[in-house]
Amino acid sequence: MKPENLLRRPQTNRKLTTGCEILDGCLRGGIPCDSLTEIVAESGCGKTQLCLQLSLCAQLPISLGGLNGSSLYLHSEFPFPFRRLHQLSRSFHQSNPSLYSNHNDNPCDHVFVQNVHSVDHLFDIMPRINGFVGDSRNRLPLKLIVLDSVAALFRSEFDNTPADLRKRSSLFFKLSGKLKQLANKFGLAVVITNQVTDFVETSDGLSGLRIGNLRYLCSSGRRVVPALGLAWANCVNSRFFISRSDERSENDESGSSYVSRRAQRRFDIVFSPYLPVASCEFMITREGICGVQA
């Protein structure tokens with residue numbers, strides 16, 4: 001191979017729209033294919049909401065920012081939000097009537113949900129996933145894989161001993177390697193959610209190790225760090241962080257207090273090989289994620 005071919009940068013990969021114009025602007029078009037994208041957030045911030053929306057948007061034609069494909073949703077945090085998926089599906093159907101010529105067509109039919117109970121279970125079904133991706137005779141081709149969440153699979157199965165940490169790190173690289181192989185072979189977008197833990201200062205300073213663009217992460221008024229540590233951070237191509245501010249009481253015109261239900265969320269790019277530092281705000285509505293103009 002010629003030296004110039006080794007140095008040549010690959011062409012820009014296809015991207016999947018998030019279904020939100022403001023969020024797409026922050027991401028320069030959406031979630032990339034041929035890549036592992038991680039979304040980090042505490043519970044209730046909207047990472048699952050975003051993944052459900054992506055699962056529907058994957059069905060859009062390429063001309064509208066979709067992938068003209070179906071989605072496989074690997075779910076490890078039970079129960080799966082079927083009710084919310086159907087709610088989003090109805091809104092998606094109404095917004096894109098031309099995609100479904102048959103009035104009985106349901107966008108949910110192109111979102112395949114697989115419960116995952118453990119790390120071993122996930123590795124057991126990986127060969128079936130490979131076959132599922134390659135066989136699309138009776139459906140839209142699979143173009144998106146969501147794993148929600150990776151932390152739930154690992155955090156309860158390993159102790160904080162050197163031997164267990166080494167084993168866990170090895171499994172991180174094994175899992176990410178298999179997912180990257182699928183992404184590259186079939187041109188998939190792969191989205192993985194991760195949880196957070198409270199920031200704890202240590203004498204060696206490792207808990208405060210800066211990774212990416214942000215000096216530190218903060219959500220709900222507290223400092224947090226992504227779960228699973230530095231070993232896992234090295235397994236993903238891009239990391240995005242969703243945070244929220246504490247819900248606060250406000251006074252209405254009558255003087256009585258109430259709590260705003262639509263707390264704004266903030267979306268930050270922590271690190272990515274193709275994106276500059278950027279952020280935006282959004283709300284979660286009945287119809288899905290809605291960006292907030294700055």
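The dialogue below takes these features in turn.

Analyst: This is a predicted model, in which local features need pLDDT of at least 70, side-chain atom pairs count only at pLDDT 80 or more, and totals for chains, interfaces and linings use all residues. Residues are numbered from 1 along each chain as its sequence is written, and side-chain values use heavy atoms, with hydrogens and water left out.

User: How many helices and strands does the protein have?

Analyst: The protein has eight helices and 16 strands, taken as DSSP runs (helices H or I, at least four residues; strands E, at least two) numbered from the N terminus.

User: How are two packed helices described?

Analyst: The description uses the angle between their axes and the distance between the axes. Here, the axes of α5 (residues 119-134) and α7 (residues 162-186) come within 11 Å and cross at roughly 10°. The axes are lines fitted to C-alpha atoms over the stretch in contact, with angles from 0 to 180 degrees between N-to-C directions. The two helices are therefore roughly parallel, a term for angles under 35 degrees.

User: Which residues of α5 and α7 meet?

Analyst: Contact means heavy atoms within 4.5 Å. Among those meeting are Leu122, Met126 and Ile129 from α5, and Leu175, Leu179 and Leu182 from α7. By class, this contact has 11 nonpolar, two polar and three charged residues. Ala, Val, Leu, Ile, Met, Phe, Trp, Tyr, Cys and Pro count as nonpolar, Asp, Glu, Lys and Arg as charged, and the others, Gly among them, as polar.

User: Is Thr18 buried or exposed?

Analyst: Buried means under 20% relative accessible area, exposed over 50%, and partly exposed in between (1.4 Å probe, protein chains only). Thr18, in the loop between β1 (15-16) and α2 (21-26), is buried at 1%. Its side chain reaches the backbone nitrogen of Cys20 at 3.2 Å. Beyond its neighbours within four places in sequence, Thr18 is in contact with residues including Leu50, Leu54 and Cys57.

User: Which residues of the largest nonpolar core touch the most other members?

Analyst: A nonpolar core is a set of buried Ala, Val, Leu, Ile, Met, Phe, Trp, Tyr and Cys residues joined through side-chain atoms within 4.5 Å. Of the 41 residues in the largest one, Leu74, Leu122, Ile129, Ile145 and Phe154 touch the most other members. Helix α5 gives the most to this core, with seven residues.

Methods:
Angles under 35 degrees count as roughly parallel, over 145 as roughly antiparallel, 65 to 115 as roughly perpendicular and the rest as oblique. A polar contact is a pair of N or O atoms within 3.5 Å; within protein, one must be able to donate a hydrogen and the other to accept it, and residues adjacent in sequence count only if both atoms are side-chain atoms.
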